[in-house]
Amino acid sequence: MDFSSFNSAEQAHMNKIIEKKQMQDFLRLYANIVERCFSSCCNDFTSKTLSSKEETCVMSCTEKFLKHSERVGSRFAELNADAMAAAQKPSS
């Protein structure tokens, strides 16, 4: 976003809002990974540690979730760029 038309106090305020939103998004992503992978992979509560099968499952689940999130973000950016380019083209 272009905040060049804002004064320095407004720019700082907008940057704070953006940073807060990014932190909320990160925490939401983290909580979703924990919930999904724990529910899918952790079944044996007789030990304090994860079994090798559970650990492998958690690692695989986490990697898959992160790759999916990254791909969705990339695709969103592509579509957003296409929409911005289409909006800038003069109407015929």
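Analyst: Happy to. One cut-off is needed from the start: a residue counts as buried when its relative accessible area is under 20%, as exposed when that value is over 50%, and as partly exposed in between. Please also keep in mind that this is a predicted model.

The protein has two helices and zero strands. Its radius of gyration is 21 Å, well over the 12 Å that the globule rule gives for 92 residues, so the protein is more spread out than a compact globule. The C-alpha trace spans about 65 × 40 × 15 Å along the principal axes. Burial is counted for 9% of the 92 residues, and the accessible surface comes to about 8100 Å², with 59% of that belonging to carbon and sulfur atoms. Of the contacts between residues at least 6 apart in sequence, 34% join residues at least 24 apart.

Now to the part you asked about. A disulfide is a covalent bond between the sulfur atoms of two cysteines. The model holds two disulfides, and with bonded cysteines counted along the chain they follow the pattern 1-4, 2-3.

Let us take the 1-4 link of that pattern. C37 is joined to C61, with 2.1 Å from S to S. The torsion about this S-S bond is about -85°, so the disulfide of C37 and C61 is left-handed. C37 lies in helix α1 (residues 8-41) and C61 in helix α2 (residues 52-88), so the pair ties together parts that are 24 residues apart in sequence. How well covered are its two ends? C37 has a relative accessible area of 3% and is buried. For C61 the value is 14%, and since buried means under 20%, C61 counts as buried too.

The 2-3 link of the pattern is formed by C41 and C57, whose sulfur atoms are 2.0 Å apart. With -65° about the S-S bond, this link is left-handed as well. It links distant parts of the chain, C41 in helix α1 and C57 in helix α2, 16 residues apart. Here the two ends fall into separate classes: C41 is buried at 3% relative accessibility, whereas C57, at 28%, counts as partly exposed.

That leaves C42, which is in no disulfide. The nearest cysteine sulfur to C42 belongs to C41 and is 6.1 Å away, while a disulfide needs sulfur atoms within 2.5 Å.

F6 sits in the segment before α1 and counts as partly exposed, at 31% relative accessibility. Leaving aside neighbours within four places in sequence, F6 is in contact with Q11 and M14. F6 and Q88 are 82 residues apart in sequence, and their C-alpha atoms are 23 Å apart in space.

Terms used: Residues are numbered from 1 along each chain as its sequence is written. This is a predicted model: local features need pLDDT of at least 70, side-chain atom pairs count only at pLDDT 80 or more; totals for chains, interfaces and linings use all residues. Side-chain values use heavy atoms; hydrogens and water are left out. Helices (H or I, at least four residues) and strands (E, at least two) are DSSP runs, numbered from the N terminus. The radius of gyration is taken over C-alpha atoms; the globule rule is 2.2 Å times the number of residues to the power 0.38. Buried means under 20% relative accessible area, exposed over 50%, partly exposed in between (1.4 Å probe, protein chains only). Contact means heavy atoms within 4.5 Å. Accessible areas come from the Shrake-Rupley method with a 1.4 Å probe; for residues, only the protein chains shown count as cover.
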